[in-house]
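The following note sets out points for a colleague who wishes to read this model at the level of single residues. Please keep the sequence and the three-dimensional view open while going through them.

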Amino acid sequence: WPKGAKELVPKLKPIFASESVPSELVWLAEVESGFNPNARSPVGAAGLFQLMPATAKRFGLSKSWFGDARYQPEASARAAAKYLGILRKQFGDWRLALAAYNSGEGTVQKLLTKHKARSFDGIATHLPAETQMYVPKVEATVFRREGVQLAALKVPKPPVILSPRK
């Protein structure tokens, strides 16, 4: 496992599950940052899940004089899981959701519309080269670490919270 994964995966899987996203997708952090919570890309993405500033803000991560919440593993995992859940609902499957996570929702939606496609395979050759490689890399990583295909991932049910009896 990559350095940091042994400590972080058990902490982050429940966060993904609590957001109704398969916990196996925590391995996205291996592809995005190699499980380095301090990773930063040249285009401004940061943290384990390489969130862009606007995406981080959209999901409640603050950036202030005392720090950037994208560098906090639990906070960035919650934001990434929320975003993935929204993308999955929007596009209908995990491969398209991952393509949108990497290249942007607008890019994926425009290509689906332009090419009258409904699947990743229908637009894959039209996506940016990075995204064409990114989705299979995430698929391979999840399969290697968890032994499961993306198509077989089950969306966990949200936990039931019981009210105390009066």
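**Notes on the predicted model**

1. The largest pocket has a volume of about 290 Å³. The search behind this value uses a 1 Å grid over the protein atoms alone; a pocket is an open set of points with protein on both sides within 12 Å along at least five of seven lines, and lining residues have an atom within 4 Å of a point. Grid points are joined across faces, edges and corners, and the volume is the space filled by probe spheres set on the points. The lining comprises 16 residues, and A45, Q50, M52, Y101 and N102 are the ones nearest the centre. Helix 5 supplies the largest share of this lining, four residues. Sorted by class, eight lining residues are nonpolar, six are polar and two are charged. Here Ala, Val, Leu, Ile, Met, Phe, Trp, Tyr, Cys and Pro count as nonpolar, Asp, Glu, Lys and Arg as charged, and the others, Gly among them, as polar.

2. On the basis of the model: it is predicted, local features need pLDDT of at least 70, side-chain atom pairs count only at pLDDT 80 or more, and totals for chains, interfaces and linings use all residues. Residues are numbered from 1 along each chain as its sequence is written, and side-chain values use heavy atoms, with hydrogens and water left out. The mean pLDDT (the predictor's confidence in each residue, from 0 to 100) is 92 for the protein, and 95% of its residues reach 70 or more. Confidence is lowest in strand 1 (residues 63–64), with a mean of 77, and highest in helix 2, at 97. Helices (H or I, at least four residues) and strands (E, at least two) are DSSP runs numbered from the N terminus.

3. Eight of its ten residues are buried, so helix 5 is largely enclosed by the rest of the structure. Buried means under 20% relative accessible area, exposed over 50%, and partly exposed in between (1.4 Å probe, protein chains only). The buried residues are W94, L96, A97, L98, A99, A100, Y101 and S103. Their cover includes helix 2, helix 4, helix 6, helix 7 (120–123) and helix 8 (129–146).

4. Buried positions in helix 4 include P73, S76, A77, A80, Y83, L84, L87 and F91. Among the elements that cover the buried residues are helix 1 (5–18), helix 3 (53–58) and helix 6 (105–114). Just after helix 4, G92 takes a positive phi of about 90°.

5. A81 belongs to helix 4 and is buried, with a relative accessible area of 0%. Leaving aside neighbours within four places in sequence, A81 is in contact (heavy atoms within 4.5 Å) with F16, E19 and V21. The C-alpha atoms of A81 and L12 are 9.8 Å apart, although 69 residues separate the two along the chain.

6. Most residues other than glycine have a negative phi. S20, in the loop between helix 1 and helix 2, has a positive phi near 60° and is partly exposed at 22% relative accessible area. F35, in the loop between helix 2 and helix 3, also has a positive phi, of about 60°, but counts as buried at 2% relative accessibility.

7. F35 is one of the contacts of A5, together with P10 and W27, when residues up to four places away in sequence are not counted. A5 lies in helix 1 and is buried, with a relative accessible area of 0%.

8. Q132 lies in helix 8 and has a relative accessible area of 31%, which makes Q132 partly exposed. Not counting residues up to four places away in sequence, Q132 touches F120, A124, T125, H126 and L127.

Conventions. On a 1 Å grid over the protein atoms alone, a cavity is a set of points where a 1.4 Å probe fits but cannot get out, and a pocket is an open set with protein on both sides within 12 Å along at least five of seven lines; lining residues have an atom within 4 Å of a point.
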